[in-house]
Amino acid sequence: MSSSTKTIYSTSERTYLFIAIGLLGLYVFPYIWLGEGAHLTIHDNLDSDFLYLYLLKLTRTAFDFDLNTIIPNMMSGGPFRGIPRSAFRTGLNVEVLSFWLFPPYAAQVINFAAVHGLGFWGMYLLLRRYILPESIWAFTRVAVAFLFALVPCYIVHGASVTGQPLLLFAFLNLLTNRARWTDWVIILLFPFYSFFVWSGLFICVALGVLGLISMLRNRQLNRPYLNGLLTLSLLYLASEWELIYGFVHQTYISQRVEFDYSQLRSMRVVDSLRRSADLFVWPMFNTGAFFTLGILLVAGLSARKAFRRERYTSVRWLIGLPILAALICLVHGFYHYLVVALGDSDLGLKFRVFQFDRFYFLLPALWFILFAMALREFGDGRREAGNNSQPSNVVSLFLALQLTLMLIANKEWRINVGKSVGLINEAQYPSFRAFFAEKQFVQIRDYIGQQPSNYRVICLGMHPSVAQFNGFYTLDSYQNNYPLPYKHAFRKIIAAELAKGTRQMRVYYDAYACRAYLYTAELGMNYLFGKTQNRSVSHLQIDTNALKSLNGQYVISAVPILNAAANRLYLKKVFDQPESYWRIWLYKVV
């Protein structure tokens, strides 16, 4: 290795790295200290994606690649067998492997540490080589990398968000002819720790555009870069071949073909602009939501400073990246116009089933790259001359403000810090243990006294993922992709309640229906009624015959049903357990 390619760390930079790694350890520590007493985000996590990963282990289908395999634990009963295995995460994925090897909570914490650790190290390498390479920026690049590691993205997406700087680092090395074997390892492994549907396709498109612009500018092909992009794309196709095959060949008709964007989203231009603006200011929750105007302010001040210095290349980057972010947000805000315009054509169905507007998964990395570029313009010339790696007062202020914003954005982490010091209780934010309530559901299962596969349950006032986690076979579920006929069969059960409920509830089911839940007009679209809330249902109106036709034999309810008899429901027993978030009323369908 030549001296020009060696990575040389000063003593002070090593110190900064050790401090940052220690702080990341403190970031993970509440999850280790609390164990299953920690709170994990429920929305789009414990109610769905987290459960899917564990369910593959529970059903012993994690490494089943047969397109004919069916998972019967949800949405099965009567003529329906369940959901195709191909609708779930591929077995060629590190997260699936981790949930197969470890208990579910342990797998979550391991992935939490890995995802945020990769975010730190990838952003640090990117900044050190390409954006803040000078020794005077040692502290700043470590600090920015640490701040990026705090992006509160959903862990169930693996490295889809936080791994992007590391992947970009590898591709820039190919682009600048500085690649080493480690860069190829990054490219080879990335598709197996991210998700094609959420970010993979859009990462490949972005890298393709980046390479195209560079090669047009240099007027020559960069074969290593093209080979890297081809390798990444092919590995994504290989890792997610079941899902992609099902999408292309329509091995079953998905409920997603009935997504009605004209109802789900407003067709008013002003509302679409507002939706785009919201995403620009506060990225999508599952990609890592944080307030971006602080970075935008720094970038604006920096662009002004660079313009005065006649550093026009910097000005183009500092203005161009926010414009790119705005375009990504506009694509998301106006995507539904395209889907509606295409109608029921083959292309329209493809755009309806697969959301091609998810370029917003690129936003967190884009914003922090912009942040690092903006900080460059606030370098202190006097300190540069002294080769001092301490940041100027202005840079320190910007870093401190961004740290404050990132801590505010990390709601789940703040909740667990509050739990650690006794400021937050289970009634406010249920822990992993209280939410899934394993001891309580063992009691329910033992009381029923049959194999769960012999009967079906439906849940009221709680997410069906709780019952599914505990081995019950549920008629209701939160699934992003399942056979369309089941949507129509399930609707018969709740038709009267949808008619009584709000228009929002009816649209949510008829135009979306990823949540096939036992909706009621009284409870609305709330699925989290703990035992301290003292809610009840007085006027339930379900089609019991439709429920029985799907082999529905029990209702697991988090609230008492005061008119149970009118719905041919017989209360068998009430289950309460000290560690559980729930009080469960078990009704038999008669």
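Predicted model: local features only at pLDDT ≥ 70, side-chain atom pairs only at ≥ 80, totals over all residues.
**View 1. Helix α3, tucked inside.** Helix α3 covers residues 49–58, and eight of its ten residues are buried, so the rest of the structure largely encloses it. The buried ones are D49, F50, L51, Y52, L53, Y54, L55 and L56. After α3 comes R60, which has a positive phi, near 55 degrees.

View 2. F63, F65, L67, L92, L97, W100, L101, F102, I110, W241 and Y245 together make a nonpolar surface patch of about 920 Å². Two helices, α4 (94–101) and α11 (241–249), each put in at least two residues, and α4 gives the most, with three. L92 sits in the loop between β2 (83–84) and α4. Its relative accessibility is 36%, so L92 counts as partly exposed, falling between the 20% and 50% cut-offs.

View 3. The model has 56 aromatic pairs. One of them is F435 with W582, a tilted pair at 5.8 Å centre to centre, with 55 degrees between the planes. This pair ties together distant parts of the chain, 147 residues apart: F435 belongs to helix α22 (residues 432–436), while W582 is in the loop between β7 (569–576) and β8 (583–589). Both F435 and W582 are buried. They also belong to a cluster linked by ring pairs, whose members include F50, Y54, F99, Y105 and Y581.

**View 4. Charges over ring faces.** R89 lies over the face of F195, 4.3 Å from the ring centre. K588 lies over the face of Y554, at 5.3 Å from the ring centre.

Definitions and conventions:
Residues numbered from 1 in each chain as written. Heavy atoms only, no water. Buried < 20%, exposed > 50% of the residue type's maximum accessible area, 1.4 Å probe, protein only. Helix = DSSP H or I, 4+ residues; strand = E, 2+ residues; numbered from the N terminus. Patch = residues over 30% accessible without salt bridge, like charges linked within 9 Å, V, L, I, M, F, W, Y side chains within 5 Å. Areas by Shrake-Rupley, 256 points an atom, 1.4 Å probe, with all protein chains shown as cover. Salt bridge = Lys/Arg side-chain N within 4 Å of Asp/Glu carboxyl O. Phe/Tyr/Trp six-rings, centres within 6.5 Å; stacked < 30°, edge-to-face > 60°. Lys NZ or Arg CZ within 6 Å of the ring centre and 35° of its normal.
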